[in-house]
Each structure stands twice: as C-alpha cells, then as structure tokens.
Amino acid sequence: RQVIDALGQAISRTPGCVLLDVDAGTSTNRTVYTFVGSPEAIVEGALSAARVAEQLIDMSQHKGEHPRMGALDVCPFVPVMNVSMEECVTCAHVFGQRLAAELGVPVYLYGEAAREESRKALPAIRAGEYEALPEKLAKPEWAPDFGPPNFVPRWGATVTGARTFLIAYNVNLLCTKELAHRIALNLREQGRGTNQPGRLKRVQGIGWYLEEENIAQVSTNLLDFETTPLHAIYEEVCRDAEALNLPVVGSQLVGLVPKKAMLDTAEFYIKKEKLFILEEEQKIRLVVSRLGLDSLSPFHPRERIIEYLVQAGEVDGGLVAKPLGAFVRAVGGRSAAPGGGSVSAAAAALGAALGCMVGLMTYGKRQFEELDPIMRKLIPPFHQAMDELVAMVDADSHAFSSYMEAMKLPKSTPEEQERRMAAMQQGLKTAVRVPCALAEKVTGLWPALKELAHHCNLACKSDIQVGAKMLEAAVFGAYFNVMINLKDITDEKFKLAMSQKVSRLLEEAKQGSALVLALLEKRAA
C-alpha cells in the first residue's frame, strides 16, 4: 500500500495534474492510475511516477495474474477533452524519449504512436512478458524505440503510446479459471489464432481466478467501446455461460469509464425491455443493475465516470452552473459576452423544457392512458434537446470570446497581421456556426411540438404556447447573431451558404410556432 500511495502522491503533486482514480488489484498485483491535465503536465506526472517506481518496485520479485513486462508496464496517453490524438502521440514520443534517457530503460511505442505496424497491438509487444525480455531484447527486430536493448532486471521494459479510451471490464463467473478462459477465447477478436478468430471486434480477453473474491472472471479490454459496447461483452459471456451451465454473478469495471459507454448500454436495455427512462442518473442506475457492477464493491458513478470527475475538478463551471440571478446579472454586465447568443440558447433550452414538461404532465395519467405510447415517443426528443441546448449557452459565449482573443493578437509585422486576421476570421466563423447549430436543433423539434399540441393535456395549454414562442424567439436570436457576424467575414461562399441556411430556419420557426398556436386554439374551441 505504501508503494501505491507513493506513486499516487508523485502524480498528484505534479503541477497541472489531477489524479482521478487509483484502482489496485490484489490477484493481478497491478495498479491503474488515471490522471488528467494539459499534455505538458501529464508527461511530467508520468515521469514523476516513473522515478518513484524505479526506487520502490523490483520486477524480479513480481508475480501477478495480469500480463506485464515492466515496473511502469504501460503508459497510454488518451484524448479526453479539448485535445487531439496527434497531441497524444507527441506526448508518448516525448515521454518515451525522456524516460529512456533518464532511467536508461528500454521503451516501446504502441497504438497510434507506433512506428511499426507489428507494434500497434499491446499484446504483441508484451508477448512472453517480463520473463522473456532477456531473450527478446537480444533480437534486432525487438530493439526498443527508445533506450538501450539491455535487460534491466529491476525495471523490465515500458510500453507507451496513444489510443482511444480503453475500458477494462470483467464478467464474474462461478467456475474454474480454465472455463472462464475458454469463454474469453470464444469472444476476443484474436480468438484461438488466425484460423479461429473470436466473435467480438476490438476486444482483448483472458480468463483468470480472483482468489480474494473466490470467483473466476472473463477479463476483457474494450479497445473501442463504440465497436463493441459493454452490454455486448456481458450478453455474450452470459450466452456462453448458459451453454456451459455456468452462473454469471455480476461484472466489474476497473478504473474509469466514459459516460457515453454507460449511456449506450442503458439505451440497449431500455430498447430491449421497452422501458421509459429519461434522466441520466436513472439510466446509469439501470446499467449498474443490469450488469451487476456493484457485485464486488459499491459502484459510485460520481467516482467512476470520467466526465463527472473532470467536471467536479473544474473551478469554473461556466454560465450554466450559475444560479439564474447570477446568469441574468452576467448578461447585464458591461461585457460583450454573454450576450444575445447565450440568451437565445437559454430561451431555446427553456422552450424544449416546457415541451418536455407538457409531455410528462400528460403521460402516466389514467384520463390520458390511451396517449401513453404517443407521449413515450414525443417526450425524449424534448428532454435530449433541453440538455444539448443548455450546453450551447456556454458554447456561444466561448465562440465569441475566441474572436475577441484573436483581436488582441500582435499586429506589428505583416506576418503578425496575417496571423491575426486568419484567427479573427476563424473566430467569426465559429461565432456563426454555434447559433446556426442552435437554430437547426430547434427546427428538429417542430414536428414533435405540433404532435404534442394535437394530443397534450389542455390544462398545459399556456405552457406549450410559451414553449413555442420561446423556441421561435431563440431562432430569431440565432438569426440576428449569425447575420451580424457574417458582415465581417471575407469568405463570400461561406457567407452566402450561412445566410441562406439561417433565413430558411427562421421561416420554418415562424411557420412552426404559428401552426402550434393555431392547433391549440382549434382544440380549445
């Protein structure tokens, strides 16, 4: 535990690094650290951890269930927010070079950072594990990307690279290690070899036994959860286990998980079981229940979902985190942002929210029972749009701020003037695209709002009327914001396309709002 804590402290004490999670496994004898920060800070945090690992870890004494080849076994750089894969590749190269130079250890590159196709997959580099390194390093084809081709007994070797978010996910079984591994071979993409591939793409897997829990696990790495989602792993393990008469007793997420991976799985079970769930919190709870994610230890979403942890660590939550009064005062301040664009986004979000409210005030009531299937269809688009439009409140403010920052760039030389002008033009285009996207989002709601007006509880007539006018006003606001920023853009083709688009969306908003109001008046009469 002292070693685990020392490594965590080395990371968290690095300026700019935020340590989000430490996941230690007893049987695996392996700890996963997840931390976020700027590219420069993350490289420094990883190097700080490596220096401590060199002093405290002796690989010649290490045993564990999980494949491994070094004290700092693998260090992947993953784009989470506001960073590109290319930047992560650069991080891997800088980290690998500095680690090898400072500690004199062999370092391999994998994933998107790999220099050779044969080294893209981590299992290929780690084949034979630590014990095979003396022989492996002597072969020219396995010369490290950085550092000497020498075996360092206390350290082993390190693999670093760049990749998309990997999810470490294990399914629990009451059986032997061999039976769990049999199922893993059926599922993992590699299968039993080139002639017997597994069923699931972008999945690695092995079977092992957790002595401390007295259960076996099919242990998987999801290399791309959008290709093979969490529920696909769980359902396929259950299918094979049933064929072998083996009980599945929940599952386990190791480390952190992207929110989208959880919500995709929620949507699978909602559709499969014909459920009606709107709130994100309830969708997450459904996933925890269906996958049995709390079978070995409590699953706390706020501590395990990466977006929640990143948001919790942010000092400034943006405009949408402010109380309504503070937001209104921010709009009323002596500043260009937040302005009409952010107010338009807030109006649109409130319009969508009223649509959602009217649907919910109709759904689930005995007197409107025959309308339940219709409301189940109409409510989700408003609920989803409500959240997306709220996010645009800050997006609009940030878009205009980027233009204002570009205006402050130096303009002493012709080169500086050219860079400043290009940045200003880019800022203006962004300031146009955000309100145009808002208008498009609202346009997608008119069909649902018209149908809602035709069927809804008439006790909510005024609410849907206000909602319609709020959505219309939001598109008016978007139109005005687009047009005022277009006048300073020099790209004539872009100007014409955006002007025509936002004018069309405004006409659709006028017609949509008028039709909703007319439908309601007709019903009331």
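Predicted model: local features only at pLDDT ≥ 70, side-chain atom pairs only at ≥ 80, totals over all residues.
Reader: At what angle do helix α7 and helix α8 pack, and how far apart are their axes?

Author: Helix α7 covers residues 230-243 and helix α8 covers residues 259-273; they pack at about 55°, with their axes 8 Å apart. Angles under 35 degrees count as roughly parallel and 65 to 115 as roughly perpendicular, with the range between them taken as oblique. The helices α7 and α8 are therefore oblique to each other.

Reader: Which residues make the contact?

Author: From α7 come Leu230, His231, Tyr234 and Glu235, and from α8 come Ala261, Met262, Asp264, Thr265, Phe268, Tyr269 and Lys272. By class, six are nonpolar, two polar and three charged.

Reader: How are α16 and α18 oriented to each other?

Author: The axes of helix α16 (residues 446-455) and helix α18 (residues 492-524) come within 8 Å and cross at roughly 10°. Since angles under 35 degrees count as roughly parallel, α16 and α18 are therefore roughly parallel to each other. The residues of α16 in this contact include Trp446, Leu449 and Leu452, and those of α18 include Leu515, Val516 and Leu519. The contact divides into nine nonpolar, four polar and three charged residues.

Reader: I turn now to the sheet. In what order do its four strands lie?

Author: The order is β7-β8-β6-β9, in an open sheet with antiparallel pairing. The strands β7 (203-210) and β9 (248-254) are at the edges, each pairing on one side only. From one strand to the next, the twist averages 20°. Strand β8 (residues 215-222) pairs with β7 over eight bridges, and Gly207 stands opposite Val218 in β8.

Reader: Which helix lies across these strands?

Author: It is α7, which lies across β6 (167-173), β7, β8 and β9 and runs at about 25° to β6.

Reader: Finally, how is a pocket to be read, and how much space lies in the second largest pocket?

Author: Rolling a probe the size of a water molecule over the atoms shows where empty space is left. In this structure, the second largest pocket holds about 1100 Å³. It is lined by 33 residues, and those closest to its centre are Leu263, Glu280, Gln384, Asp387 and Glu388.

Reader: Which elements give two or more residues to that lining?

Author: They are α8, α9 (280-291), α11 (306-313) and α14 (372-407). The most come from α14, with eleven residues. The lining as a whole has twelve nonpolar, six polar and 15 charged residues.

Definitions and conventions: Residues numbered from 1 in each chain as written. Heavy atoms only, no water. Axes fitted to C-alpha atoms, helices over the stretch in contact; angles between N-to-C directions. Parallel < 35°, antiparallel > 145°, perpendicular 65-115°, else oblique. Contact = heavy atoms within 4.5 Å. Nonpolar A, V, L, I, M, F, W, Y, C, P; charged D, E, K, R; others polar. 1 Å grid on protein atoms, 1.4 Å probe; cavity = no way out; pocket = protein on both sides within 12 Å on 5 of 7 lines; lining within 4 Å. Points joined across faces, edges and corners; volume = space filled by probe spheres on them. Pairing = 2+ DSSP bridges.
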